[in-house]
Amino acid sequence: MLYGLLSKVLADRIIILIASIAAFIVTYILMARPPEFLPRDGGKFVFTPDGKKIEVNKGSSGKVTGVGLIFVCIYLFISFLFLPVSLEFVLYLILSAIMMITGYLDDTSKAPWGELIKGILDFVLALAATIVFIKFNGTDVVLLKMHFHIPVVLYAILAVALIWASINVTNCTDGVDGLCGSISVVELFAFSAIFGLDLGKYSGLALVLAFVLAAYLGFNWNPSSVLMGDAGSRTIGFTLALLAMESRHPFAFLLLSSVFIFDGGMGLFKLAFIRVTKKKDFLSKIRFPFHDHLRKNMGWQIPKIVIMFVIIEIVMVVITGVIVNLCR
């Protein structure tokens with residue numbers, strides 16, 4: 001680990017900056033020429049009533065997908081190399097690697113994994129991360145100016161739900177070029193800026209991932225040449241949830257991830273509601289994820305969708321920052 005050597009002559013902020021720049025450069029180089037073993041998107045097709053096969057997401061077919069495997073590996077390696085390491089830190093990196101691998105295996109599978117398999121895997125990893133967090137941090141949280149000690153069992157239930165939801169809403173938002181990556185970069189910078197003192201070394205973790213995603217966006221902005229796949233989006237969601245917990249302000253996740261929650265989460269809520277109530281006409285005129293509604297029902301171009309969501313995310317970041325600072 002380079003941190004032990006560099007910390008003797010450089011301040012932590014300089015080390016984090018070096019790590020972030022290194023992560024950006026390596027990611028950019030590999031995104032420019034993705035490894036040959038990565039799969040290519042096969043496109044999504046449906047059949048019309050007359051039997052004609054048409055492509056739903058035009059333009060995605062043939063693009064290199066699963067590059068999340070590459071940029072997550074860079075993010076994990078650079079973080080391990082340059083940031084101060086503890087047992088808790090290493091366990092989170094291992095769990096992130098497992099999340100990345102499960103996503104990549106789904107990306108490369110001939111038949112997409114079913115909801116049950118994904119749900120079980122998400123639950124197991126969320127539970128493992130929750131156990132690690134409680135072991136090293138306890139169950140105290142901050143809401144506005146109030147400090148609460150939450151019973152362990154209740155905290156564990158809430159934490160597992162938070163991680164599971166973050167994984168899935170982030171994954172659902174990864175549907176058009178540049179959307180998931182752009183929102184994630186803004187949110188990661190926000191966690192580091194707003195909760196830097198509370199996060200400690202995890203602030204550096206957020207910045208390294210933000211710079212990795214910034215390099216990825218150079219090739220994912222519409223029209224894209226690479227797609228992150230589940231290997232990337234699921235790991236991003238996992239990391240955002242961990243940052244919210246490590247900040248001791250887990251409820252801030254509701255504000256900082258509000259775009260993800262609305263765009264991806266409402267689709268999950270709609271599906272669950274229909275399955276429970278059998279009311280198939282519930283929100284039937286609105287497509288979810290909502291970016292699909294804007295693109296297919298309202299005719300918005302992809303750059304316009306991404307810019308609108310990023311602006312909303314920035315507004316939510318400012319609101320969160322103001323609230324947190326007023327309550328300190």
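Start by selecting F136 in helix 5, which spans residues 115-137; helices here are DSSP runs of H or I with at least four residues, strands are runs of E with at least two, and both are numbered from the N terminus. Show its surroundings and you will find that F136 touches L87, E88 and L91, leaving aside residues up to four places away in sequence (contact means heavy atoms within 4.5 Å). L87 and F136 are 49 residues apart along the chain, and their C-alpha atoms are separated by 9.3 Å. F136 counts as partly exposed at 38% relative accessibility (buried is under 20% relative accessible area, exposed over 50%, partly exposed in between, with a 1.4 Å probe and protein chains only).

A word on what is on your screen: this is a predicted model, in which local features need pLDDT of at least 70 and side-chain atom pairs count only at pLDDT 80 or more, while totals for chains, interfaces and linings use all residues. Residues are numbered from 1 along each chain as its sequence is written, and side-chain values use heavy atoms, with hydrogens and water left out.

The structure holds six salt bridges. For another stop, select D106, K118 and D230, which are linked in a network of salt bridges.

Now colour helix 10, residues 229-246. T239 sits in this helix and is buried, with a relative accessible area of 3%. Which residues does T239 touch, not counting those up to four places away in sequence? They are Y75, S96 and L209.

At E246, look for the salt bridge with R248, where the closest N and O atoms are 3.6 Å apart. E246 is buried at 4% relative accessible area, whereas R248, at 25% relative accessibility, counts as partly exposed.

Next, select Y92, Y202, L205, L242 and L243, which line the largest cavity. A cavity is a set of points on a 1 Å grid over the protein atoms alone where a 1.4 Å probe fits but cannot get out; a pocket is an open set with protein on both sides within 12 Å along at least five of seven lines, and lining residues have an atom within 4 Å of a point. The volume of this cavity is about 30 Å³, counted as the space filled by probe spheres set on the points, which are joined across faces, edges and corners. Helix 9 (201-220) and helix 10 each supply at least two of the lining residues.

**The second largest pocket**

Move on to the second largest pocket, with about 390 Å³ of space. It has 18 lining residues, and the closest to its centre are A161, L162, A165, F253 and L254. Helix 6, helix 11 (253-256) and helix 12 each give two or more residues to the lining, and helix 6 gives the most, with eight.

**Helix 13 and its cover**

Select helix 13, residues 290-297, where the buried residues are F290, H291, D292, H293 and L294. Their cover includes helix 6 (152-173), helix 7 (179-194), helix 12 (258-277) and helix 14 (302-326). D292 forms a salt bridge with R295, the closest N and O atoms being 3.2 Å apart. These two are three residues apart in helix 13, about one helical turn. Just after the helix, G299 takes a positive phi of about 75 degrees.

**Last stop: a nonpolar patch**

Switch to a surface view and select L143, L144, M146, F148, W221, F251, L254, I307, I311, V315, I319 and I323, a nonpolar patch with about 1000 Å² of accessible area together. Patch residues have over 30% relative accessible area and no salt bridge; like charges are joined within 9 Å, and nonpolar side chains (Val, Leu, Ile, Met, Phe, Trp, Tyr) within 5 Å. The areas come from the Shrake-Rupley method with a 1.4 Å probe, and for residues only the protein chains shown count as cover. Strand 4 (146-149) and helix 14 each give two or more residues, with helix 14 giving the most, five. Finish on F148 in strand 4, which counts as partly exposed at 36% relative accessibility.

Methods. Salt bridge = Lys/Arg side-chain N within 4 Å of Asp/Glu carboxyl O.
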